[in-house]
Structure formats: structure tokens, C-alpha cells
Amino acid sequence: MADCDFLDWPFFEAFHRELAIELDAWSAATLPAIIDAPGAHENVDDTCRKLVSALGEGGWLKYCAPASYGGARETLDVRSLALIRETLARHSGLADFAFAMQGLGSGAISLFGSEDLKAAYLPRVVTGEKIAAFALSEPDAGSDAAAMSMTLRPTTDGYAADGEKTWISNGGIADFYTLFARTGEGARGVTAVVIDADNPGLSIAERIDVIAPHPLARLNFEGAQIPASARIGAEGEGFKIALATLDVFRTTVGAAALGLARRALDEATDRAVNREMFGSTLANMPIAQERLAEMALDIDASALLIYRSAWIKDVQKRRVTKEAAMAKLYATDRAQTVIDKAVQMFGGLGVKKGVKVEELYRDIRALRIYEGASEVQKLVIARQILKKPKEMT
Ligand code: COS
């Protein structure tokens with residue numbers, strides 16, 4: 001493991017340290033055979049299925065569910081989720097993606113689902129038998145999530161879903177989707193349900209290709225029948241459920257960015273030490289030292305914000321809307337800069353396909369957009385500051 005001094009920070013317990021070190025060794029031993037296999041880059045669906053399976057077999061998906069449903073800890077432990085994402089992202093952006101979606105896609109069930117829903121889905125999320133997805137965004141409702149138009153019409157024994165969702169990660173390979181749609185007006189008129197991928201009223205309208213390829217799709221719903229037992233929480237609570245789930249997982253998006261940034265610093269440091277120029281090495285040039293120092297500072301500052309947010313959620317058990325937004329905003333933004341500096345230190349090689357920093361450069365971009373764009377995080381932070389102190393949680 002490159003630099004694990006941060007694991008001695010007071011945010012962590014002994015098991016966190018062990019978890020990060022074990023996962024690092026497991027990743028080095030297991031991931032290359034999957035992500036570097038012939039055809040792995042061309043067939044991301046298959047690669048993601050293999051990654052989910054391997055993460056299940058390795059026991060890492062246990063951190064996506066509470067202990068009573070096959071999970072590792074009594075409740076979701078954000079520090080564990082963040083450490084896992086950070087570590088996986090340092091090895092492979094796609095492995096982090098595969099892990100993260102199991103967590104986000106089943107997170108609302110873990111946090112707000114009925115016992116029956118938890119029992120039906122979570123044990124198989126943990127083993128990797130069921131692939132999860134989170135369906136919130138629509139073509140005309142991205143940052144303004146409450147503007148969604150997709151509907152859940154009441155039927156005799158549940159709902160009929162009609163409309164469209166887009167930018168759905170794992171769309172096309174997921175076994176089920178946590179779906180948010182409208183049962184009434186405004187933010188208080190949104191309801192959350194689970195829908196299985198083989199529902200005859202659900203189809204994949206379009207597969208979306210992006211700069212860091214992963215399964216992504218637009219979904220179409222036409223009278224998809226959903227039983228009332230598949231509802232998560234009460235009718236009308238869906239928007240809060242979505243935002244509270246994002247409060248947990250946004251911190252871990254920051255952690256993924258941190259992992260990508262740490263890898264960029266490792267790559268840049270090796271490059272600086274080994275690259276000879278002007279009769280010396282890059283590492284001996286003050287400008288390169290300045291770059292490395294800036295990168296290291298950004299990484300530590302990001303880590304402090306991420307693990308502060310995770311620690312508050314896990315230990316103080318407080319709502320972390322502001323802290324999670326800060327962690328996601330800062331870490332994704334800084335990681336972009338850190339990676340850009342690493343690319344620059346590689347010169348022409350930095351933009352050559354197959355070179356790690358080129359991959360990192362593509363991997364980082366979407367993190368400033370998904371699960372709430374940077375601009376939304378600023379809005380969330382400002383709203384928390386503007387609230388009256390008695391309302392601040
Ligand atoms: N946890 C629980 N409840 C929350 C919450 C949170 N973090 N944030 C807000 N709420 C509640 C509010 O208290 C409010 O409830 P009441 O009506 O009972 O007061 C309700 O949810 C609506 O909140 P608000 O008025 O702040 O909602 P807005 O429509 O103004 O939207 C933002 C707020 C912009 C923060 C929200 O739309 C958002 O996060 N957008 C980004 C969505 C996103 O991340 N998309 C990516 C999907 S995953 S790739």
C-alpha cells in the first residue's frame with residue numbers, strides 16, 4: 001500500500017486499518033486478471049459483472065448492507081464504504097464503480113426499506129448475485145431532481161410506472177432498480193419503489209457511451225406494474241429518501257476521487273524520480289517539486305473532509321448534508337487538478353491511450369457531475385449555512 005499513514009488518524013478504528021490493507025492486497029492480486037483480460041475494455045458489461053461477482057466472493061460487498069442481512073457491520077459504515085471506494089479507485093475506476101453501484105443502488109433499501117424488502121434483496125446484493133441501480137435522474141430533471149415527471153399511478157394492489165429515467169448507471173446489466181417517481185405534486189409527491197429489471201413494462205431505451213466506459217442507460221417505463229410491497233418508506237417520502245441516501249454516498253464519491261488522485265500522485269512521483277532531463281531528474285527540478293507538494297496537499301485536505309463527514313455520520317450519527325457536500329465538492333474538484341498535473345508531468349505520454357494517467361484523466365471527470373454536480377453541492381452547503389441555527393442538524 002502506497003501511503004497508509006492516514007489510517008492512523010483518529011477518525012478510524014483498528015478494523016478500518018485492517019480493511020484498507022487487506023483490500024489493497026486483494027485488489028493487487030485479483031483485479032488485474034479481470035480488468036486487463038483480453039476484451040475487458042471493449043465489453044464493460046461483462047467486466048462489470050465479473051467485478052461484482054469477485055467483490056461478492058471476496059466479501060467486500062458485505063459493507064453495502066447491515067449485518068442482519070448478510071452485511072459486515074450492524075449499520076452501513078460510511079468510513080468503511082469510503083475506504084473501500086478509495087482503495088478500489090486507486091487500482092481501477094471500474095472496480096470502484098462496480099462496488100459503488102451495489103451500495104448506492106441498494107442504499108435506500110438498507111436505510112428505509114421494509115424487513116421483507118431487505119430480506120428479498122440485500123443478501124443477494126452482498127453475494128453479488130443481484131446487481132443494483134439507482135434511478136433518479138430524468139432528461140428534464142437532473143440537478144433539479146424534484147422536477148421529475150415520471151409517474152407512479154395507484155392500481156388496486158400497487159402502482160403502474162410510466163415515464164423515462166436517464167444516466168442510470170448499471171442500466172442494462174442491473175437486476176433491480178431503486179426508482180423514484182411521482183405520486184403527487186412537488187418534492188413531497190415523490191415515492192420510492194424497487195422494480196426488477198425483468199418487469200415487462202421496463203425496457204432499455206438507449207445505452208449511453210461515455211469517456212470512461214461503464215454500463216449506463218436511458219430507461220423507458222410503460223405501465224410497469226409494481227406491487228405496493230415494493231415501496232420503500234411511505235408514499236410521498238421518496239425525495240427525502242433519495243437525498244438522505246445521497247447524503248451517505250456523496251461522501252464516498254469524494255473518496256473515489258481521492259483514490260484516483262492518490263494513484264495520480266504515485267504515478268507522478270515515479271515519473272519524477274525516473275525521468276531524466278537537463279542532466280538531472282525531473283524530481284530535482286523545483287517546478288516539479290512544487291507540483292508534487294501541491295498534489296499532496298490537495299490529497300490530504302480532501303481526505304480530511306471525507307473522513308470527517310464519514311466519522312460524523314458513523315460516530316455522532318448526525319445528518320451530514322453539509323459535510324458530505326463539502327467532501328464531494330472539494331475532493332472531486334481537487335482530484336481533477338491533481339490528475340491534470342500528473343498528466344502534465346508525463347508530457348506526451350500523459351495523453352497516450354493505455355498510460356494510467358490518461359485513464360485517470362477520463363475516469364475523474366464524471367465524478368464532478370454525478371450524484372449532484374459541483375454547483376448543486378455549493379447550493380446544498382449554502383442552504384445549510386443559511387438555515388437558522390435551531391434547524392441545523
Ligand atoms: N436529507 C433528508 N431530507 C432532505 C435532505 C436531506 N439531505 N435535503 C432536503 N431534504 C428535504 C427537505 O427538508 C424538504 O422537506 P420538507 O418539504 O418536508 O421541508 C424536501 O427534502 C425538499 O427539499 P428542498 O426544498 O431543499 O428541495 P429542492 O427541490 O430545492 O432540491 C437539491 C434540493 C438541489 C439539493 C436536490 O434537488 C439535489 O440534491 N439535486 C441533485 C440531485 C442529484 O444528486 N442527482 C444525481 C442522481 S444520482 S447520479
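Student: Among contacts between residues at least 6 apart in sequence, what share joins residues at least 24 apart?
Tutor: In this predicted model, 73% of those contacts join residues at least 24 apart along the chain.

Student: Is A98 buried or exposed?
Tutor: A98 counts as buried, because its relative accessibility is 3%, and the cut-off for buried is under 20%.

Student: You mentioned C48. How many disulfides does the structure hold?
Tutor: The structure holds zero disulfides. C48 is in none, and the nearest cysteine sulfur, that of C64, is 14 Å away.

Student: Let us turn to the whole chain. How many helices and strands are there?
Tutor: The chain contains 10 helices and 10 strands. Its radius of gyration is 21 Å, close to the 21 Å that the globule rule gives for 393 residues, so the chain is as compact as a globular protein of that length.

Student: What box do the C-alpha atoms fill?
Tutor: Taken along the principal axes, the box is roughly 80 × 55 × 40 Å.

Student: What percentage of the residues is buried, and what is the accessible surface?
Tutor: Of the 393 residues, 54% count as buried. The accessible surface comes to about 17000 Å², and 53% of that belongs to carbon and sulfur atoms.

Student: How many charged side chains are there, positive and negative?
Tutor: There are 45 positive and 53 negative side chains, and the centres of the two sets lie 5 Å apart.

Student: Take E138. Where does it lie, and is it buried or exposed?
Tutor: E138 is in the loop between β1 (132-135) and β2 (151-155). At 4% relative accessibility, E138 counts as buried.

Student: What does E138 touch, not counting residues up to four places away in sequence?
Tutor: The contacts of E138 are M148, S149, M150, E164, K165 and T166.

Student: On to backbone angles. What is the phi of K317?
Tutor: K317 has a positive phi of about 55 degrees, although it is not a glycine. For comparison, most residues other than glycine have a negative phi.

Student: Where is K317, and is it buried or exposed?
Tutor: K317 is found in the loop between α7 (286-316) and α8 (321-345). Its relative accessibility is 63%, so K317 counts as exposed.

Student: What about E371: what is its phi, and where is its place?
Tutor: E371 has a positive phi near 55 degrees and is a residue other than glycine. Its place is in the loop between α9 (356-365) and α10 (374-386). At 14% relative accessibility, E371 counts as buried.

Notes. Residues are numbered from 1 along each chain as its sequence is written. This is a predicted model: local features need pLDDT of at least 70, side-chain atom pairs count only at pLDDT 80 or more; totals for chains, interfaces and linings use all residues. Side-chain values use heavy atoms; hydrogens and water are left out. A disulfide is a pair of cysteine sulfur atoms within 2.5 Å. Helices (H or I, at least four residues) and strands (E, at least two) are DSSP runs, numbered from the N terminus. The radius of gyration is taken over C-alpha atoms; the globule rule is 2.2 Å times the number of residues to the power 0.38. Buried means under 20% relative accessible area, exposed over 50%, partly exposed in between (1.4 Å probe, protein chains only). Contact means heavy atoms within 4.5 Å. Accessible areas come from the Shrake-Rupley method with a 1.4 Å probe; for residues, only the protein chains shown count as cover. Lys and Arg count as positive and Asp and Glu as negative; His and the chain ends are not counted. The place of a charge is taken as NZ of Lys, CZ of Arg, CG of Asp or CD of Glu.
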